[in-house]
Amino acid sequence: MARYLGKETTRVDGIAKVTGKAKYAAEFQIPHLTYGFIVLSTIAKGRITGIDTSAAEASAGVIKVFTHLNAGKLGKPPAADASPTWAWPLQSDQVFFNGQPIALVVAETYEQARHAARLVQVSYQAQPHETNVATLLDRAKPASQEAPPRGNPKAALQAAAVKVNSEYRIPIEHHNPMEPHAAIAFWEGDQLTIFDKTQNVYGVQQHLSQGLGVPTGNIRVVSPFVGGAFGASLKPNYYPSLTAMAARELKRPVKVVFTRAQMFTGHGYRPETIQKVALGAAPDGKLEAIIHEAFHNTSSFESFSDNTTGFLKQVYACPNLHAPLKIAATDLATPTWMRAPGAVSGMFALESAMDELAYALKIDPLELRLINYAEVDPESGKPFSSKALRECYRLGAEKFGWSKRNPEPRSMRDGNLLVGWGMASSVWGAMQMPASARVTYRADGTASVASATSDIGPGTYTVMTMIAAEFLGLALEKVKFELGDTDQPRAPAQGGSWTTSSVGSAVRGAALTITEKLLSLANQDAGSPLRGASIDEVEMFENRLRLKSDAARSVDIAAIMQRAGTQELTEVYDSKPYPEREKYASLAHGAQFVEVKVDPELGTVRVSRVIEITACGKILNPLASHSQEIGGVVWGIGMALEEATEIDHRYGRIMNASLQHYHVPVNADIHAIETIFVEEDDTIVNPLGVKGMGELGMVGIPAAIANAVYHATGKRIRDLPITPDKLV
């Protein structure tokens, strides 16, 4: 019987966070610290023809102003015949996007650096630019080697009895985590230590090694706490190399912190996406063809793809499918992964189109999804390692009261308000990555656990402590878990919702290896009550090693270790996905049911009720898991109704780079949200039987809201966000 896994557990790092003991990247106290402030370009494309730093350099407290004319070199210079690239900051006079860093002012105080940054005078030779992806679709290129269509979708669509064909648009959206991106860098001889807000300390280490020409062993990256990232810190951003370069040049520690406005061009964003979806079905609702074309922007100097159409190929049983993705180069900063990347965008279009098809067929939207339920993976033909989506549909419909829905648009009211009910499906990968963890068990009944993963908010500190305590048989308070440091065993980036499956499996493996070592030591005693027992038959529990089937047959662990002449046992364990996984498709699934209330005169939309049902394997900490799913719903509400990065294409400039003008949900926007889990017993996906949930909880929400808005108003809004002007 589990002591901790599967039970609600409060955050072990909660007190540290609310008391200020938890230190974030910009909060470390380093002697003789200097402060950097970044100067950004004001054109979208061209060259710097002149940069006058004299007034800034003469300003009080200023130590140095770095530009492309005097900055230390970063990275290898491009080959003479190479196309121009912007790989490292302050390395050339070229400007590739509005808001590109073009200078760094370093001063004794932050205020002095900020003031002096305004004194830097820059002249440009501007060149024609293009930031509107809609004008570039004919120049878009395949994001990767295009997979052949499944069947013959064009012919099947042409022959289908019922068709829908629509275009869906999603604007650029920005991560707006509470903690701004920041780094503090200092050198001790040729050894660099950098505190950075990152989801991948080893990725930043490798990036800095390439940029600075320093061996990875000479670089320590530390990131113990991250105040939200959501993909914005998955790949290394430009500021760590800029900070480390300045610190090396000045021979003093340097701190650089983004302003909120600088975050809009400093770490990527969800790309602008245009999708054209055509569905063909038989009169009974069976899908006969899906053609789902997606386009999104990348930058002029780097190809990025969020795999918009990847997961949707595995959702419905349809014999004929083509889902190509193309990317178009724009004169903007490079996009990046943003919570539920690709999947939430692709499923907004597909699930909206499915709703349109349901109305065209006069079939209930839930029934249409059940008619096309995929019992095996339609892409590979492999069985699913587990799939409880049908139960998610059933339970969600029952809880929501879906059977009471009048299908006619504008038929349901609450006083003057139009009431709409909509639903959608969600899907995300159940992934596991190679990961390592170190566990040290001591004779005094305490343990230290470490892995260089991150905790961007989902509760990694807590769940890893729970896993270690479970398999070491210790109380939670006897286990200390540490993360976010390249001095710790290697772990993957915290992204993709794979941390618990990957790092958790490594922690479990290390703990069980220590159990095996203890059993071996115990069995050296001829009189051991465990003699002859196998590793599968024993467990650690409250400082004793005992038989699972007979707790009376046990030995004192401290005594075993004392006889062996050791006070502690340490094990580093490398976990990898089971080879058996290759025989299966592994996905997490969910269903969302949403109620909206729309003011017909003002066009305002209130998401009054959400029931989200998810099937993502075993739930290790229900308290944190429900919080993750609620957070995903809130993100989906923001995407559906509020979020949009506005660009003035005349200048290629973001116009709403602030939380005053970039709208995100606030407490008043959030009403009743109920999250429910349908647990799956999946022995294939990983040793813990867990699947990712952090992204899954968002995936179907924008589509479900858009479908509910149509049901309420009779207006199909295909371009997000659904703002009042689109409904009046």
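The legends below describe close-up views of a predicted model.

**View 1. Helix α6 covers residues 238-250.**
This helix has 13 residues. From its first C-alpha to its last, α6 reaches 19 Å, close to the 18 Å expected at 1.5 Å a residue. The helix is mostly covered, with 11 of its 13 residues buried. Among the buried residues are Y238, Y239, P240, S241 and L242. T243, A244, M245, A246, A247 and L250 are also buried. An α-helix has 3.6 residues a turn, so residues three or four places apart point the same way. After α6 comes K251, whose phi is positive, near 60°.

**View 2. W86 and F97 form an aromatic pair.**
The count for the model comes to 23 aromatic pairs. In the pair of W86 and F97, the rings are edge-to-face, 5.3 Å centre to centre, with 85° between the planes. W86 is in the loop between β3 (62-66) and β4 (94-95), and F97 is in the loop between β4 and β5 (101-107). The two residues are 11 residues apart, and the pair links distant parts of the chain. W86 counts as buried because its relative accessibility is 13%, under the 20% cut-off. F97 is buried too, with a relative accessible area of 2%.

**View 3. Y238 and F258 form a tilted aromatic pair.**
The ring centres of Y238 and F258 are 5.6 Å apart, and there is 50° between the planes. Y238 lies in helix α6, whereas F258 lies in the loop between β12 (254-257) and α7 (263-266), so the pair ties together parts that are 20 residues apart in sequence. Y238 is buried, with a relative accessible area of 7%. F258 is buried as well, at a relative accessible area of 3%.

**View 4. Seven residues are shown as one aromatic cluster: W86, F96, F97, Y238, Y239, F258 and F301.**
The cluster includes W86 and F97, as well as Y238 and F258. Y239, another member of the cluster, is one of the buried residues of α6.

**View 5. Two arginines lie over aromatic rings: R546 over F541, and R653 over Y651.**
R546 lies over the face of F541, at 3.9 Å from the ring centre. For R653, over the face of Y651, the distance to the ring centre is 5.6 Å.

**View 6. C392 is in no disulfide.**
The count of disulfides in the model comes to zero. A disulfide is a covalent bond between the sulfur atoms of two cysteines. For C392, the nearest cysteine sulfur is that of C616, 8.6 Å away. C392 is buried, with a relative accessibility of 0%. Another cysteine, C318, is buried with a relative accessible area of 4%.

**View 7. The largest cavity has a volume of about 80 Å³.**
The structure holds three cavities of 30 Å³ or more. Residues lining the largest cavity include F97, N98, I172, H174, F264 and T265. Y269, L332, A333, I647, G652 and I654 also line this cavity. F97, one of these lining residues, is also the partner of W86 in the edge-to-face pair.

**View 8. F37 is found in strand β1.**
This strand covers residues 34-40. F37 is buried, with a relative accessible area of 12%. F37 and P687 are 650 residues apart in sequence. In space, F37 and P687 are 47 Å apart, C-alpha to C-alpha.

Terms used. Residues numbered from 1 in each chain as written. Predicted model: local features only at pLDDT ≥ 70, side-chain atom pairs only at ≥ 80, totals over all residues. Heavy atoms only, no water. Helix = DSSP H or I, 4+ residues; strand = E, 2+ residues; numbered from the N terminus. Expected span 1.5 Å × (residues − 1). Buried < 20%, exposed > 50% of the residue type's maximum accessible area, 1.4 Å probe, protein only. Phe/Tyr/Trp six-rings, centres within 6.5 Å; stacked < 30°, edge-to-face > 60°. Lys NZ or Arg CZ within 6 Å of the ring centre and 35° of its normal. Disulfide = S-S within 2.5 Å. 1 Å grid on protein atoms, 1.4 Å probe; cavity = no way out; pocket = protein on both sides within 12 Å on 5 of 7 lines; lining within 4 Å. Points joined across faces, edges and corners; volume = space filled by probe spheres on them.
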